[in-house]
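Got your viewer open and a selection tool at hand? Here is a short walk through the model, one selection at a time.

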Amino acid sequence: MDRAHRRAAIGLAILLACCTCAFTLNPSLDVNQYAHTSWTVRDGFSMGNIYAMAQTPDGYLWFGTEFGLFRFDGVRSVRWQPPAGQQLPDKNINSLLVTRDGTLWIGTFSGLVTWSGGKLTWRPEPELQRQFVASLYEDREGTVWAGTLTDHGRLCAIRSGGTRCYGEDGTFGRAVWSLYEDSSGNLWAAAQSGLWRMKPGPPRRYPTPTELIGLSRTDEGRLLIAKHGSGLMELAGDNLESYPIRGAMPSNRLLQDRDVDANRLLRDRDGGLWIGTVERGLIHVHNARTDVFSRANGLSGDVVLSVFEDREGDIWIATTGGLDRFRELPVSTISVKQGLSSDATQSVLAATDGSIWVGAHQSLTRWKNGQATIFDEANGLPDDAPQSLFQDDRGRIWVSTSHGLAYFEDGRFRVATRLPDANVHYITGDKAGNLWLSEQKSLMQLVDGRLVERIPWSQLGPDEIAEVLLSSREPGGVWLGFWAGGRLSYFKDGQIRRSYTAADGLGEGNVPDLQLDRYGALWAATQDGGLSRLKDGRIVTLTTRNGLPCNAIHWALEDDDGSFWLYTTCGLVRISRSEMDAWIADPKHRIQTTVWDSTDGVRLRSSAASAYGPRVAKSTDGKLWFVTGEGVQIVDPRHLPFNKLPPPVHIEQVTADGKIYNISSPGTGGWRLPPLVRDLEIDYTALSLVAPEKNLFRYMLEGVDRDWKDAGNRRQAFYTNLPPGKYRFRVIASNNSGVWNEEGASLDFSIAPAYYQTNWFRTLCVTVFLALMWAAHRLRVQVLERSHAVLEQHQTEIRALNEQLITAQEAERMRISGELHDGILQQITSITLRLAKVRNQVPPDSEAKATVSGLQQQLIKIGTDIRHISHQLHPALLQEAGLPAALHAYCEEFSRVRGLPVACEIDESVEELSPGAALCIYRIAQEALGNAAKYSEAKKVEVRLTRSDGRVWLSVSDDGVGCTPDQIGKAGGLGLINMRERVLQLDGTFAFDSEPGRGTTVKVAVPFRTAS
């Protein structure tokens, strides 16, 4: 493009192309009643001029700007970069189009390209190359129409079978700025030279005196045409006629063309018409009602470059000052701009005729059939400072002011009574038709509008003011809600009949509102303690413990469906009828609520919005109206905006140790990250643009997170020191209405191992470790074998020494036994015989004879003992008759000598046992019996000698007190050690079992070997 063309293009930067739309806002609202968000140059918004907007099926919003193509997710804007080796024809983007197949068409100042499937394609049409693409449009047949700006503007129809261009002869003038297809299939083009119908049939021109810039439709479906910098026209038949637009204020004045100042058009699907102007901001028209939103009202700029409606119904406005978004709020606001007398509202009343009365700082406003009527002192009010409102059973509207009380009748107000310097907080009426007024100093009663009684508050108890009154119509009487003392009282027949405080279960704090439900229960909103319900004298209170978001309640009201609405410090709360019934049935039940906060248009207050009532009202159409001190807010319980579209979820990039990996690039698949990643950040997004700040996220890294993690509205996940391996990151999201995209998005990636984290390195380490372990094992085995050999040698030597000792002992026993038997015993026997001779020689009556007889008996006993000792030292019977006979004889002798009964059970087949084994068993039996006699205090002993399975078994057991091995070892004799050593020499087994109080058992088993 030459310099002249580029200068012309830049000079006409505000001339933009239209975009199609999907869903829409509520067109009956004024622009200032929508939620408005702006991104301005003053706030650092740095995209430059946005000439075109489009939304791709993945949910991203695309901006064509003077600095390139940007992608926007509602929170972050990112400059789009083509794949490596590819580029756009020009950084200036003037037109965008997303066709039904999802392809993004990009019209630049120097040509047309498409982006689809990760591929950027330059269009081959010579008529479009290096041309300023001013407009793009797709008709119902799938043909893409591209209009250009040049010396001779052209219009090309791009079809799959080829391309045909029009305007080579300059018939369009310098440019085709806008395209539109009507319901009949006619394709229209807005050009410098006028209006053109391109199909069906040959092109046809409708001349216009002014360059055309935008096309849309009228409310009746006719073609609507915008003249650049001027007004609108419509096509009626074959005639172009002026399209009148009435001004915002006053509404009956038609706007001049220069006041319309049109630049772009957008007709939303519900009929709202949006006109972006050249330098007057934004004009919104619906049902002949017009309002203007300009920079003075908060628009980013007055020069509108493009308008667009996204798939969720948000309206986007691009100006030279930035970007604006408008969306419908669940809670709308009526202010001075809609006709209120003042934004300083204090009370609201819904009348039975459908009208709404609003008391404000300077006058009273009636809102009826969308029209506002203001009443003041000139209309019969006592003064211009209305306070509380009330409608009696006759339908009369009562209003209190600082100078009196008036009622509305026959189109004007009539003063009922003068109340100088009155400050009436609330008005109610009882069944008898009396009016009750809560005044600053007293409770007043009026009959037929005349003051008949004034009761000072001090007369009714503590000197407190009841700022809320509610008539208990059936039984009569009035309920009083006290402001300062936090008390609820029932007044009837001139006195307080019942009172309730926090001690009775009433919520803490003052009582700013009272309501009776359809079942006769009284509901009291409390400032610090939740919502209290009084029924049949019993109070229960709903608080944060039961699921309320906060305890400060300004008012509560039941809608036509039975749901409860609460105005609280944290927002407007809705509790369904089923949830409330469940809580009434079980006061411990935790309720589920829906909360609308400031992002939904709710004006939050820390306390009640005013000192006058009522502060909330339900109109005949079911809408709830409430004052906030800044206009009147409205919520329609049956028509709440609900976003049904689950948000598309995308994972945008991965940052590993500061390095960014743009995973949105095509053909990425599973990503492989470098080794030793310490800090990992995963950025994701959800493309619901209604209220991106209310999109919620949950994510999970499989293999690391056991369950989903709630991220709130945070759009990053962080992980540290992940080990090498394969991972799958998953993320799901919900939109502003809580609708979840359960499928979400996922990303497979892996972290490469460092060399010391690889399997081959681990295998090598394991191999080396096993080799070292094997070497250590072999070394240990060798040490143990040497130690075992030394131990075996020592044990062998010890056994040899023990055997030599036992052999020596037995030899010594035999020698001592022989000397005792053959020496001492023989001498004692000889002495005994000699004493017998001496006794015979002594006279019978001599004392010496008795002495000799005594000596003879002692010697016989000594001889017997020596013989017993000799037999113990060397049992001759063992050698002569064998083990069974010897052991049996010893048991009898032991029982006779020791006086301890011994039961002896002996297997005679043991007789053939070898002498060494027989001697071993005999000695053990001797030692065991001796131990039983010495230590056990037994009453009987059992000895069993048996033979079975090639072994000889000896068992000696008693019923004594039991003992420990140490006791036996300390007492001398063989002891347990000698017993065990004797058995081990014979390759036998030895067992000693004794517990205090349970006797003692010695068991021996040796191999049966006969004498060789």
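Start by selecting residues 915-936, helix α8 of this predicted model. Of its 22 residues, 16 are buried, so α8 is largely enclosed by the rest of the structure. From first C-alpha to last, the helix reaches 30 Å, close to the 32 Å expected at 1.5 Å a residue.

- Cysteine 156 and cysteine 165 are bonded, with sulfur atoms 2.0 Å apart. The S-S torsion is about 105 degrees, so this disulfide is right-handed. Cysteine 156 is buried at 0% relative accessible area, and cysteine 165 counts as buried at 12%.
- Cysteine 550 and cysteine 570 are linked at 2.2 Å between sulfurs, and here the torsion of -85 degrees makes a left-handed link. The pair ties together parts 20 residues apart in sequence, because cysteine 550 sits in the loop between β49 and β50 and cysteine 570 in the loop between β51 and β52.

Now show cysteine 904: its closest cysteine sulfur, in cysteine 891, is 3.6 Å away, too far for a bond.

Finally, select the open sheet whose 4 antiparallel strands run in the order β58-β57-β60-β63. β58 (659-661) and β63 (716-720) are the edges, each with a single partner strand, so one side of each has no neighbour in the sheet. Zoom in on β58 and you will find lysine 659 as the bridge partner of alanine 656.

Conventions
Residues are numbered from 1 along each chain as its sequence is written. This is a predicted model: local features need pLDDT of at least 70, side-chain atom pairs count only at pLDDT 80 or more; totals for chains, interfaces and linings use all residues. Side-chain values use heavy atoms; hydrogens and water are left out. Helices (H or I, at least four residues) and strands (E, at least two) are DSSP runs, numbered from the N terminus. The expected span of a helix is 1.5 Å times one less than its number of residues. Buried means under 20% relative accessible area, exposed over 50%, partly exposed in between (1.4 Å probe, protein chains only). Two strands pair if DSSP finds at least two bridges between them. A disulfide is a pair of cysteine sulfur atoms within 2.5 Å.
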